[in-house]
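User: I would like a close look at a single part of this model, with the cut-offs stated for each term used.

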Amino acid sequence: MARTVDCVWLKREDEGLDFIPWPGELGRRVYVQVGKQAWAAWLAHQTLLINENRLSPMNPKHRAYLAEQMEKFLFEGNADRAQGYTPEA
């Protein structure tokens, strides 16, 4: 049976992640409080941030920025928008 969590992003119960997706306390918090649908939404947003802002996951400053944005996106609802990105009509 799949693990379920009370997802803070969806504000309802959702299937939980299969593993801790990020190192440290933030990763454990995501594992306990974020469902698979919310995590998929974050990954899509993270991809936009990486591509539009030309970030490198190998750069420690960029990783720190992405961790900050992940926390804002999942727990606060106010992450940065990708500069220069305009969604298709």
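Leaving aside its neighbours within four places in sequence, which residues is Gln46 in contact with?

Analyst: The model is predicted, so local features need pLDDT of at least 70 and side-chain atom pairs count only at pLDDT 80 or more, while totals for chains, interfaces and linings use all residues. Residues are numbered from 1 along each chain as its sequence is written, and side-chain values use heavy atoms, with hydrogens and water left out.

Gln46 is in contact (heavy atoms within 4.5 Å) with Trp22 and Leu66, once neighbours within four places in sequence are set aside. Gln46 belongs to helix H2; helices (H or I, at least four residues) and strands (E, at least two) are DSSP runs, numbered from the N terminus. With a relative accessible area of 15%, Gln46 is buried (under 20%; exposed is over 50%, partly exposed in between; 1.4 Å probe, protein chains only).

Trp9 and Phe73 are stacked, at 5.4 Å centre to centre and 25° between the planes. Trp9 sits in the loop between strand E1 (4-7) and strand E2 (12-15), and Phe73 in helix H3, so this pair ties together parts 64 residues apart in sequence. Trp9 is partly exposed because its relative accessibility is 33%, whereas Phe73, at 14%, is buried. Phe73 also pairs with Trp42 in a tilted arrangement, 5.6 Å centre to centre with 50° between the planes. Trp9, Trp42 and Phe73 form one aromatic cluster.

Helix H3 (residues 60-76) also packs with helix H1 (residues 24-33), at an angle of about 25° and with the axes 11 Å apart; axes are lines fitted to C-alpha atoms over the stretch in contact, and angles run from 0 to 180 degrees between N-to-C directions. H1 is therefore roughly parallel to H3 (under 35 degrees; over 145 is roughly antiparallel, 65 to 115 roughly perpendicular, the rest oblique). The contact is made by Leu26, Arg29, Val30 and Gln33 of H1 with Ala67, Met70, Glu71, Leu74 and Phe75 of H3.

How values were computed: Phe/Tyr/Trp six-rings, centres within 6.5 Å; stacked < 30°, edge-to-face > 60°.
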